[in-house]
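Hello,

Here is the structure I promised to pass on to you. Please have a look at it first, and then read my notes below.

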Amino acid sequence: MLIDLHCGELIEPFGGRRWNRADIRRQIALRVGRFQELGVGPHDRVFLLFGNRLEFFAELVALWKCGACAIPIDARLTAFEVENLARAAAPKLVVVDDATPAGPIKVLEQAGIRTVPTADTGSAEAEAARVQLDHDALMLFTSGSTGDPKGVVHTHRSLRARWAGLRDHLPAAAFARSLCMLPTHFGHGLICNSLFPWLSGCDLFITPPFRPDLVTRIGAAIDEHAITFMSSVPPIWKLALKLAKPPQRGSLQRVHVGSAPLSAALWNDIRTWTGTPHVCNAYGITETGSWVAGLDRADVPAEDGLIGYGWGAVVKVLNTDDTSRPLCPENECKTGESGYVWLNTPALMKGYFRRDDLTAKAVVDGWFMTGDIGFLDDLGRLVLRGRERDEINKGGMKIYPSDIDAVVERYPAASDVCAFALDDPIYGQAVGMAVVLHDSGEEAICGLHAWMKVHLAEHKMPSRWWLIDAIPRTSRGKINRDAVKAACQQKPPLDIPSILARKMSP
Amino acid sequence: MNQDREARRQALLGFLRTIQKAGRPVESLSDTDRLVASGLIDSLAILQIVTYLETTYGIDFSIRGVSPEELGSIGGILDLIEQEKK
């Protein structure tokens, strides 16, 4: 199969680099030549241990042309986490850039996995058309970096279904000059904010993710490059609204906010700052190819949690989260009645990589159980009210408590642990942790902190710790993380900085 | 160092303790150490510093604007407060 390449231009607005269509074709061809020389072919998996720059997109399309599956990896992960993901996915090789940390590169090379700098393209251009519609195209790890990795696998078919679904609902002209400030290793930033416009022929402006110094300059950048569309997450908007001068030239035609629910107040503030009424929540889940529901016409009154209608998806609210039996009409909630949000879409993932057990727990008869709680209003629009997913949403970055638990459980002095979400004024949620230690002395606490620093990416480190005697469990032995959090918040957390300071002082 | 600046410094250190990450004691930082690069806070915590300065010193950032560089160190924050007090 040939990959249509009606892509737009690629621009780094803060770095000043730009590739036109001819540049892009050449850069892809060089990398196809390099991958062919390295023996990359159909069904191979390749890690992309970098992102948010022009070369990332050339690597991605080149891999697809060769029939391989691209696996973008968060370069902030520790060497331990990257090695664990590599053990699960067995990549044929890893593409890195000059900002990829040395630690992960070293462990991958020790494991016999070849690393290739993205700048090393060679000079032999080549063409390839080895991809088929049902080949694996993309794998995105959503959790399990410290334990059993959970990789969402999308085929070319499911990705194309996502983009076709979006094209049916969203005004193409609004995406003509799209800005992405989100990481390219997760669904929202990659599949929808970047690839949807770019592969629809629109120009893509890509920046490093989550950089406050760039956020404060965003209004000027929007004006300079006549940006028509951007998507982001609530914490970035809070920062921009506070510190960045708004754009003056009225180029923005549409703005999405995703990865975390948008309040009506923030929604209206964003409209004022951006100068466009077309601002809406874009409800997305990696398993459904990210954006799966929202407002076609976004100039409606803002409401807390209002999402809208399915984009290339059927949205149902059901009174069950049971995926072990077929769904039936009796499961449907009435208008206004809260229940579990289920989705049916041709853009649904192929499944979790080599984890049919997990896939079976999430999907029944093609319906995906999101774990979100919501209702359909009088107009049939989805409104979100909460979630029952076991995850911490730190400013749109999904952190899974089990990943933290898995690291702490392996620390010899720890006998039990429970990580949970804490309310946070900036990120929405932050990470808290209750831990039971055999030895609760400061030496052991410092040792645990050092252990976690080695094994856990910085953004997953708990900001508050509680030392408790036992983790409360249900009669069936399950942890209720909300109950643990409530119990912890009855007393002050450990003063970890002071404990570490005492340890460091002579 | 004048007494006002020292008092503001102590108040600022007290605030930074409430938002800092666990890795490094705030007392170990000099006035010129970079708060984010040192690992004391993460980059988006700048928003909490802005809110602290607004509520504690009545600084209106929507009028004066700010660059993250100005808020990048303890000394930089104290300088900014002093500029606004003039």
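This is a predicted model: local features need pLDDT of at least 70, side-chain atom pairs count only at pLDDT 80 or more; totals for chains, interfaces and linings use all residues.

Let me start with the overall build. Chain A contains 15 helices and 26 strands. Along the principal axes, its C-alpha atoms fill a box of roughly 65 × 60 × 50 Å. The radius of gyration of chain A is 23 Å, which agrees with the value near 23 Å for a compact globule of 506 residues.

Chain B has four helices and zero strands, and its pattern along the sequence reads α-α-α-α. Its radius of gyration of 12 Å is close to the 12 Å from the globule rule for 86 residues, so chain B is as compact as a globular protein of that length. The box for the C-alpha atoms of chain B, again taken along the principal axes, comes to roughly 35 × 30 × 20 Å.

Next, the domains. The assignment for chain A gives domain 1 (1–154), domain 2 (170–312), domain 3 (314–389) and domain 4 (392–504). I looked at how domain 1 of chain A meets domain 3 of chain A. Their C-alpha centres are 32 Å apart, and eight residues of domain 1 are in contact with seven residues of domain 3. On the domain 1 side, the elements that give two or more residues are strand 7 (136–143) and strand 8 (150–155) of chain A. Strand 8 of chain A gives the most to that side, with five residues. By class, the domain 1 side divides into four nonpolar, two polar and two charged residues.

Now for the helix pairs in chain A. The axes of helix 1 (residues 21–37) and helix 2 (residues 54–65) of chain A come within 8 Å and cross at roughly 55°. The two helices are therefore oblique to each other, and their crossing is right-handed. From helix 1 of chain A, the residues that meet helix 2 of chain A are Ile24(A), Gln27(A), Ile28(A), Arg31(A), Val32(A) and Phe35(A). Their partners in helix 2 of chain A are Ala58(A), Glu59(A), Val61(A), Ala62(A), Leu63(A) and Lys65(A). This contact has eight nonpolar, one polar and three charged residues.

The second pair is helix 9 (residues 234–243) and helix 10 (residues 264–274) of chain A, which pack at an angle of about 50° with their axes 11 Å apart. That angle makes helix 9 of chain A oblique to helix 10 of chain A. The crossing of helix 9 and helix 10 of chain A is left-handed. Helix 9 of chain A contributes Pro234(A), Trp237(A), Ala240(A) and Leu241(A), while helix 10 of chain A brings Leu266(A), Asp269(A), Ile270(A) and Trp273(A). Seven of these contact residues are nonpolar, none is polar and one is charged.

Finally, where do the two chains meet? The contact takes 21 residues from chain A and 20 residues from chain B. On the chain A side, helix 7 (212–215), helix 9 and helix 15 (496–504) are the elements that give two or more residues. The side of chain A that touches chain B divides into eleven nonpolar, five polar and five charged residues.

I hope you enjoy looking through it.

Best wishes

Conventions. Residues are numbered from 1 along each chain as its sequence is written. Chains are lettered from A and ligands numbered from 1 in the order in which they are written. Axes are lines fitted to C-alpha atoms, for helices over the stretch in contact, and angles run from 0 to 180 degrees between N-to-C directions. Angles under 35 degrees count as roughly parallel, over 145 as roughly antiparallel, 65 to 115 as roughly perpendicular and the rest as oblique. A crossing is left-handed if the near helix is turned anticlockwise from the far one by less than a right angle, and right-handed if clockwise. Two residues are in contact if their C-beta atoms, placed from the backbone, lie within 7 Å. Ala, Val, Leu, Ile, Met, Phe, Trp, Tyr, Cys and Pro count as nonpolar, Asp, Glu, Lys and Arg as charged, and the others, Gly among them, as polar. Domain bounds come from an automatic or database domain assignment. The radius of gyration is taken over C-alpha atoms; the globule rule is 2.2 Å times the number of residues to the power 0.38.
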